[in-house]
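Trainee: I would like to go through this model with you, one point at a time. Please show the structure first.

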Amino acid sequence: MIILSPLGWLGRSTLYFLAATGRITLFALQAFSHIFRPPWYPRELFNALMQIGWLSLPVVGMTALFTGGALALQIYSGGSRFNAEAVVPQIVAIGMVRELGPVMAGLMIAARVTSSIAAEIATMKVTEQIDALVTLSTDPMKYLVAPRVLAALLTVPVLVGVGDIIGIAGGYTVAVQSLGFNPAAYLQNTVDFLEPLDIISSLAKGAAFGVIAAMMGCYFGMASGRGAMGVGRATKDSVETAAVLILAANFALTGVFFSL
Amino acid sequence: MIRMENVTKSFGQKHVLRGLDLEIPRGTSMVIIGGSGTGKSVALKCVLGLIQPDSGKILVDGKDARGGDRDAFLARFGMLFQGGALFDSLPVWQNVAFRLLRGRLKRPQAEAREIAVDKLRRVGLTPDVADLLPAELSGGMQKRVGLARAIAADPEIIFFDEPTTGLDPIMSGVINDLIREIVVEMGATAMTITHDMTSVRAIADNVAMLHDGVIQWTGPVADMDASGDPYLEQFIHGRAEGPIEAVR
Ligand SMILES: Nc1ncnc2c1ncn2[C@@H]1O[C@H](COP(=O)(O)OP(=O)(O)OP(=O)(O)O)[C@@H](O)[C@H]1O
Ligand SMILES: [Mg+2]
């Protein structure tokens with residue numbers, strides 16, 4: 001029995017994982033279908049746009065700024081080992097736009113947006129507010145989930161774009177202020193080096209990460225257990241899952257864009 | 001008319017409803033009593049489809065409650081939740097007028113607000129609470145806002161889950177009168193859960209007592225005192241000793 005129990009555990013977790021994947025996929029498909037079918041709730045969408053998009057700007061901007069600055073320093077110190085310090089603008093640009101911009105923004109959105117959506121919806125579930133919505137002829141998938149997912153789909157790419165620019169600006173500031181780069185040449189190098197596909201991949205990642213972040217918050221919120229413990233668990237699970245899925249999706253998308 | 005036939009519901013190993021039969025004629029007021037945790041709230045939620053019963057039939061006006069147009073079905077109902085279940089992101093008046101601000105019963109905002117303020121007045125709340133958030137109200141006030149929301153769209157069928165719990169005796173009287181009025185004047189069908197025997201006598205046409213997952217006794221409120229049912233008698237008189245084990 002003791003020898004077999006790890007196998008049992010493995011089997012159980014595999015089954016649990018498969019079941020959860022199925023449930024989340026169904027939930028996501030349902031959520032998308034509600035985005036396209038009336039009734040729509042414009043006020044809820046507006047609130048979600050503000051919460052997910054506008055109010056996330058400071059944290060995403062700060063993250064990008066410091067990441068870009070640190071990136072410039074690292075590339076400079078790494079590059080100087082084989083006399084390639086001059087590549088700082090190009091590598092900062094591509095590193096920020098293709099990789100760090102979307103990933104850092106995605107993870108910050110998971111921390112900020114996924115957790116708050118999960119906690120809010122789970123609390124509504126626990127205090128019977130979701131039941132109350134249903135009895136008031138309002139579908140929670142339409143009223144709570146669809147606006148949040150749509151808002152994330154629309155705003156997170158914009159956040160990523162802004163983050164990319166701020167990140168490059170961070171690298172630029174460090175390079176010009178303390179590494180002795182020429183400001184005009186730095187900018188010229190950045191602009192010349194980036195290709196449209198780099199930017200498209202950045203924004204596409206942003207859209208995917210936004211949807212993952214909002215969807216996980218909604219799913220775990222709606223699936224919350226009872227009581228304060230249920231809410232805590234839903235929040236924790238949602239952020240964990242969103243962060244892992246964002247990193248996995250990043251790897252997959254990088255692979256896709258790499259092969260293009 | 002609402003009819004529940006042999007409804008069962010378990011949560012894991014816990015058998016909450018074990019074959020519930022209950023009938024509530026149109027335009028009458030049914031009060032459900034029974035010990036804490038016997039499944040009264042679960043029974044109400046089964047009728048509304050918020051909880052799926054494991055087996056049994058629930059008919060509303062002869063039609064299966066689960067099939068058909070859910071929207072049209074729910075539009076006939078009003079429900080006061082035991083915990084109030086107010087939307088804490090919306091001010092009080094928008095909670096009350098929730099149904100009147102969206103969906104098929106939608107009407108102009110000013111009109112919806114007017115109705116909300118009127119319903120608040122009927123549950124003993126002044127118009128100045130309309131713009132507060134639910135979190136700024138006391139427990140009893142929240143309960144009454146929940147009640148106002150349940151009756152806001154003048155539903156045909158209203159469920160009240162412990163409408164007077166947490167209210168002072170005078171306010172309880174006001175709410176009892178209100179529920180009675182809704183049934184008598186508006187012809188609504190009401191199903192009320194309460195532990196308050198004064199309420200039972202004030203509100204009920206019929207009483208049903210839930211015990212051990214089934215209806216232990218049901219009948220007109222007038223027959224309640226002479227029922228001869230030991231379970232019911234223990235309950236109405238609040239005795240610790242009797243067939244219902246109070247300490248387990
Ligand atoms: N969603 C749920 N999941 C698991 N168990 C539940 C759920 N809802 C209710 N129960 C269980 O069902 C039983 C009946 O609950 P219910 O809320 O209907 O009691 P009640 O008769 O309304 O009691 P009270 O008078 O205290 O409100 C309880 O033991 C409760 O633990
Ligand atoms: Mg209850």
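Trainee: Which residues of chain A does the UniProt annotation "transmembrane region" cover?

Mentor: This is a predicted model, in which local features need pLDDT of at least 70, side-chain atom pairs count only at pLDDT 80 or more, and totals for chains, interfaces and linings use all residues. Residues are numbered from 1 along each chain as its sequence is written, chains are lettered from A and ligands numbered from 1 in the order written, and side-chain values use heavy atoms, without hydrogens and water. UniProt positions are in the numbering used here, feature names are shortened, and annotations may be inferred rather than shown by experiment. The unreviewed entry gives the annotation for chain A at residues 15-36, 48-73, 149-179, 199-220 and 241-259.

Trainee: How far apart are the end C-alpha atoms of residues 241-259 of chain A?

Mentor: Helices (H or I, at least four residues) and strands (E, at least two) are DSSP runs, numbered from the N terminus. Residues 149-179 of chain A are 97% helix and 0% strand, with end C-alpha atoms 42 Å apart. Residues 241-259 of chain A are 100% helix and 0% strand, and their end C-alpha atoms lie apart by 27 Å.

Trainee: How many helices does chain A have?

Mentor: The elements of chain A run α-α-α-α-α-α-α-α-α from the N terminus on. The C-alpha trace of chain A spans about 65 × 55 × 35 Å along its principal axes. Chain A has zero strands, and its helices number nine.

Trainee: Are H3(A) and H6(A) parallel or oblique to each other?

Mentor: Helix H3 (residues 57-79) and helix H6 (residues 140-178) of chain A pack with their axes 7 Å apart, at an angle of about 40°. Axes are lines fitted to C-alpha atoms, for helices over the stretch in contact, and angles run from 0 to 180 degrees between N-to-C directions. Angles under 35 degrees count as roughly parallel, over 145 as roughly antiparallel, 65 to 115 as roughly perpendicular and the rest as oblique. H3(A) and H6(A) are therefore oblique.

Trainee: Is Gly206(A) buried or exposed?

Mentor: Gly206(A) lies in helix H8 (residues 196-222) of chain A. Buried means under 20% relative accessible area, exposed over 50% and partly exposed in between (1.4 Å probe, protein chains only). The relative accessible area of Gly206(A) is 0%, so this residue is buried.

Trainee: What is the angle between the planes of Phe73(B) and Phe77(B)?

Mentor: Rings of Phe, Tyr and Trp (its six-membered ring) pair if their centres lie within 6.5 Å; planes under 30 degrees apart count as stacked, over 60 as edge-to-face and the rest as tilted. The whole structure has ten aromatic pairs over all chains. Phe73(B) and Phe77(B) form a tilted pair, 4.8 Å centre to centre, with an angle between the planes of 50°.

Trainee: Which residue has its charged end over the ring of Phe98(B)?

Mentor: A charge sits over a ring if NZ of Lys or CZ of Arg is within 6 Å of the ring centre and within 35 degrees of the ring normal. The charged end over Phe98(B) is 4.0 Å from the ring centre and belongs to Arg102(B).
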